[in-house]
Amino acid sequence: MMKLALEFAGGSQTLVNNQTRHDIELDDGKEWLMSDLLDWILKNMLAECSTPDLLIKDGTVRPGILVLVNDTDWELLGNLDTVISEGDTVTFLSTLHGG
């Protein structure tokens with residue numbers, strides 16, 4: 001199994017039981033891309049959430065959510081095609097705030 005950490009901040013943690021860090025294990029029998037990870041999050045972490053589209057919409061991360069892989073913006077790494085590796089930390093940081 002491939003171990004990695006998911007972090008949620010800036011309000012996105014409210015979608016995952018107000019827990020900011022989740023240590024997860026994925027089947028390492030295949031190459032994992034961010035697109036696969038987002039699908040896994042939808043099925044395994046947001047299944048009970050009434051508003052999963054506040055994080056993931058139309059197969060990608062909703063605008064206003066900054067995604068970091070090991071503190072690097074996923075836009076520099078390939079967005080949905082970014083390869084996820086053992087020990088990675090993937091952070092979802094909402095930049096949307098009410099006022």
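Glutamine 13 is buried, with a relative accessible area of 18%; buried means under 20% relative accessible area, exposed over 50%, and partly exposed in between, with a 1.4 Å probe and protein chains only. The model is predicted, so local features need pLDDT of at least 70 and side-chain atom pairs count only at pLDDT 80 or more, while totals for chains, interfaces and linings use all residues. Residues are numbered from 1 along each chain as its sequence is written, and side-chain values use heavy atoms, with hydrogens and water left out.

Glutamine 13 sits in the loop between β1 and β2; strands are DSSP runs of E with at least two residues, helices runs of H or I with at least four, numbered from the N terminus. Leaving aside neighbours within four places in sequence, glutamine 13 is in contact with Phe8, Asn18, Gln19 and Thr20, where contact means heavy atoms within 4.5 Å.

Two strands pair if DSSP finds at least two bridges between them.

β1 and β2 are antiparallel and share 6 bridges, with leucine 6 opposite histidine 22 in β2. Strand β1 (residues 2–9) runs parallel to β9 (residues 89–94), joined by 5 bridges; the partner of glutamate 7 in β9 is threonine 91. On β6 (residues 65–69), which pairs with β9 in the antiparallel sense over 5 bridges, leucine 68 stands opposite threonine 91.
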